[in-house]
Amino acid sequence: MLLLSIFNSIDPILKETQVKKILQTNATSEKYGLVLTKKDVREIIEVRKRILNSCGRIDLDMEVTKKLIENFCTSAFIDQAEYVAALHDLHEIFYYLKNETEDSISDDALIEVMKDFYENSCGGSMELLRAGGEEMAKDIRQRNQEEDMMKGGEC
Amino acid sequence: MELGTVNTRSLMPKMRIKKENLDPGQYTLSLMKEGLRLGLLDRKDIQQIQIQTLLILQDLIERYTKGESSSIRVDTAEGLLNSIYYSIDAWIARYENPENGLEELKRKTIREIYQEGLERVSECLEETEVLYWELLKKRLEVSLEAYNATLEAFPAFFQKYGAVFNAQDTPASIDYPLVFDNTQLKGIFYIRHYLETLHLETQFCRLFQKEEIEKVLISYGKICRVRHTKPLVNIFELIINNSVFSVLSGGKAECAVISPLQLELIENRLGGLSKREVESVIEETVEQVIEELRIDHIKLIQYIHQYKTLLIHRIFNAMENNSLHNIVLISDEVQLPDASTFFQSGERMSDASFRAMVRSIVKCTDTADKIEILISSIRSLEDFIDVLGADCLFEGEYISLYSALSDVELAALGRLVFYEELRESSVELISAAAIEREAELEWQAQYTAFLRALNTDRIEAIEKFMNETEFTGFEI
């Protein structure tokens, strides 16, 4: 595919810019005792790429990663030892839910919902966050389906 | 990262770009590849172009998602990227000399080129829409379904098409064929080409009376064994052929209707000639057609000349196969009986009435009564076929029913039974194995068995109706 061939060919060039952008988030997260090293960031970018591939999505921006860090670094459930692993999970849940909600929920809204679930209903459990997200996605899909049927009925 | 124009080194190519290496479907990409091969671009140049292209894509994703999402599905992104390249190609491919296109890639940023191309695509969209509405005012009044449906499909196209997000797509149902199509084109450039060509063809066809065009379509339908509204055929082609043949047989150019006698004259006139002589005669005749019809539109004349080569080739083929009658469309003035008087189209029974009738037939024990119910209730061939397939008649009853039908009604059924044969050519019931073959359905098997029991005269009469009658009560 044209897009992937272009994307892969310039990926190494983009990576350094991406690493710099993510390292900037340390300024916020270190207030909560969470810091990423260059190696951590490279790993996060690599894992994010694999997640995007498996979800059949493309993201040319690092805004989602930045927003996930900025929103979740304040959580009392995440400590430095689990920080990188937690970010991997959050990326996976985020892009999975983008697909499952049929892109009908914005990035900001989804991150907000995820944070709320994680902090409140899930008590810091990624498994529960995943399950709760699935339930929400199911409801959204059903609502979308009903709306489509209504539109179809109007025609 | 420095994102601007690519390196400026000597733009004088030492080796020329090979046009055959350029892909019209991915023009700029193939030009870049060719530039790389010849050393006119280096890997860094290519990378810079790619990065700039991805930045445009990033902007487009933001616009596409209305700023709500930075990620999209890969197939959607592919579509957006193709749309970007469509605009870039629109700008770069306008240079006849590809070296100049490459120079433009070096001189300007991809974003600048994209913007210029996008403007070009948008202008083309506006012009094409105007062209469409003009054409619609001049459309031919013909019954050909593909022609009418295609023309009516364009408003939906203009509604769905977007120069920014799906410039490369052609979201339209275009079934009506042109004589010279250009399937290498995509998106709005294809639609413009299609409508411009259709405009030329329409301009020519409008020189003929609509009744003449309709008669030619009917003749063509008879050759194809389909209702004349159905074929996927180009009207211009049929009309210009017959106009040329009219002049060739001493008629007028504006006359598209050819008689059997004229066909004989054409066969006699061309019969004894060499290929070179035939070519020369057709060339002269085409010029005569242009003159007689007072065609002075240069593009139309060029189009006719382009078609002339195709016509000559077709005449050669037809003469070699002794089948001139397949390209000279004869209009037989003899009116054949219209089967619609027997099976009226559009007079189908309601589902409830149909079920009630089937129940009555099943309950009935007397064959004559069954046939009476059937014949008195049914008015459409579709219902007739449905009841034949409804398992409410037994072997001998089929034969009794067929005995009660007229030759035209039997021919109407026969056109369904011998559908495959009729698609190829006419059916010869007597000599062919047609009526000997195994049928798929019970009513069809009983039908062929019934035919086999008839005398030769009767079979010939049914065969004639089957081959020559225009049945309006159903469609093949």
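How many of the 14 residues of H9(B) are buried? Select helix H9, residues 235-248 of chain B, and have a look. Keep in mind that this is a predicted model. The count comes to 14 of the 14, so the helix is largely enclosed by the rest of the structure.

While you're there, check the length. At 1.5 Å a residue, H9(B) should span 20 Å, and its end C-alpha atoms do sit 20 Å apart, so the two agree. Then move past the helix to Gly250(B), which follows H9(B) and has a positive phi, near 85°.

Next stop: H3 of chain B, residues 74-92. Pick Ser83(B) in this helix. Its relative accessible area is 1%, so it counts as buried, the cut-off being under 20%. Show its contacts beyond four places in sequence and you'll find Ala163(B), Val164(B), Phe165(B), Asn166(B), Ala167(B) and Gln168(B).

Of its 24 lining residues, select the closest to the centre: Pro24(B), Tyr27(B), Tyr86(B), Asp89(B) and Ala93(B). Helices H1 (27-37) and H7 (187-205) of chain B also supply at least two residues each.

Finally, colour by pLDDT. Chain B averages 86, with 88% of the residues at 70 or above. Residues 334-341 of chain B stay under 50, and the model has 13 contacts for them beyond four places in sequence.

Key
Residues are numbered from 1 along each chain as its sequence is written. Chains are lettered from A and ligands numbered from 1 in the order in which they are written. This is a predicted model: local features need pLDDT of at least 70, side-chain atom pairs count only at pLDDT 80 or more; totals for chains, interfaces and linings use all residues. Side-chain values use heavy atoms; hydrogens and water are left out. Helices (H or I, at least four residues) and strands (E, at least two) are DSSP runs, numbered from the N terminus. Buried means under 20% relative accessible area, exposed over 50%, partly exposed in between (1.4 Å probe, protein chains only). Contact means heavy atoms within 4.5 Å. pLDDT is the predictor's confidence in each residue, from 0 to 100. The expected span of a helix is 1.5 Å times one less than its number of residues. On a 1 Å grid over the protein atoms alone, a cavity is a set of points where a 1.4 Å probe fits but cannot get out, and a pocket is an open set with protein on both sides within 12 Å along at least five of seven lines; lining residues have an atom within 4 Å of a point.
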